[in-house]
Amino acid sequence: MALPASISASTAVQQEIARLASLRDVHAAMEWFRCHEPELRDWQLQVAAIPAPPFGEGPRAERLRSRFVELELQEVQVDAVGNVLGVRPGSDPEEKLVAVSAHIDTVFAAGTPLNVRREGDRLYGAGISDNGAGIVGLLALASALASAKVRHSAGLLFIGNVGEEGEGDLRGMRHIFCESPWKDRIGPTVVLDGAATDTVVTQALGSRRFEVTIQGPGGHSWSDFGAPNPIVALSRAIARFSRTELPVEPKISANVGVISGGTSVNSIPESASMRVDIRSASQQEMERVERALREAVAEAASEYPKRARNGGKGISCEIQLIGCRPAAELDPNARILQVIRAVDAHLGNRARPHRASTDANIPLSLGREAISIGAGGSGGGAHTLQEWYDPAGRDLGLKRVLLAVLALACVQK
Ligand SMILES: [Zn+2]
């Protein structure tokens, strides 16, 4: 009886993973992870201690660049937007590269005390897991492959990319996949983001982000009293927008994340602004909530006369798009998905498909094969100063990355 194509294909992938895992050099690479955990922990503390605020990733990129050189990667470089790249060549230069990437930026602004430290078995500090864990995953993979001298047919492109968080707007990956000379050399992409082993991001959550600025004439709180107040107008806009209906299915979120404005308690502010993040897998829903935002701002502004009482200027509003991440989905028959499922089955790891906004949004939106997975261990408190990482079980996550990457890069024997 002939099996359906998808079942026989996945059986073949399953056999390939078992074959790979039984090879002596691959086994040695997997053992490397277990034996070197103390070093991995030190690397994580070192890398997380180097500040990498959005648009300020340079010092961390430089550190990663020198590690790439030490690991004897080739074509090591920091590109035009600040991504760090290095190649572990394969035996067949004609084959597309398998990209393995980890974002090197954090959400924390320059000057934030990162407070990176170890307490008992746990690591603490802002950015220690997101994406200290992913960066260490990259370095551990390159080190283990070098130490065990694993040979693979396709080359591996190691990427420490900038601009994943916040207003970075995926600019690092956008540059690599849309503008750089690497774009035609890359085949599948495995993104390492944070800790854990229990998910595979196969669906790219889209987002649209806005900066809303309301301006007025400003003035003295007593002598110019009556002039329109942009902070009050903005507050009214937020109150209106917060009443927008946000269904659970398809899920959509809307967040006012930053507000700013004003100069002193006795001044009528000249300006007030907020930053808003709207996310969904549904493009339609995102557009509906965007319209609600625009209406809320316009209605709040319409409560004010076009001209102030003294004949001066009234209230004006501007809504600027500051971020746009494409929504997309991996083809359910993609080889990369069969590979990670087969790896999970081989390792006895349970992982569920997940929808999130990651660096994989860019290759996925271009129809390329990509997944985003954690680099093992566990973590919590991401994007807070209380972030932590526990390396227990990290080797499972690293074995998972190793087997998936090697299956995609074809190891011959
Ligand atoms: Zn992250």
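Mentor: Let us start with a definition: two strands pair if DSSP finds at least two bridges between them. Please bear in mind that this is a predicted model.

Trainee: In which sense do β4 and strand β5 pair?

Mentor: Strand β5 covers residues 122-124, and three bridges join it to β4. Within the pair, R118 stands opposite L123 of β5.

Trainee: Which strands are the edge strands of the open sheet?

Mentor: The sheet has four strands in the order β4-β5-β19-β18, with antiparallel pairing. An edge strand here pairs on one side only. The edge strands are β4 (117-119) and β18 (378-380).

Trainee: Where do the buried residues of helix α2 lie, seen down its axis?

Mentor: Helix α2 runs over residues 24-35, and its buried residues are V26, A29, W32 and F33. On the other side of α2, R24, R34 and C35 are exposed. Seen down the axis, the buried residues fall within an arc of 105°, so they line one face of the helix.

Trainee: What span should helix α9 have at 1.5 Å a residue?

Mentor: Helix α9 has 13 residues, 335-347.

Trainee: Which residue follows α9?

Mentor: The residue after α9 has a positive phi, near 70°. That residue is G348.

Conventions
Residues are numbered from 1 along each chain as its sequence is written. This is a predicted model: local features need pLDDT of at least 70, side-chain atom pairs count only at pLDDT 80 or more; totals for chains, interfaces and linings use all residues. Helices (H or I, at least four residues) and strands (E, at least two) are DSSP runs, numbered from the N terminus. The expected span of a helix is 1.5 Å times one less than its number of residues. A residue is buried if 20 or more other C-beta atoms lie within 10 Å of its own, exposed if 12 or fewer, and partly exposed in between; C-beta atoms are placed from the backbone. The arc is that of the directions from the helix axis to the C-beta atoms.
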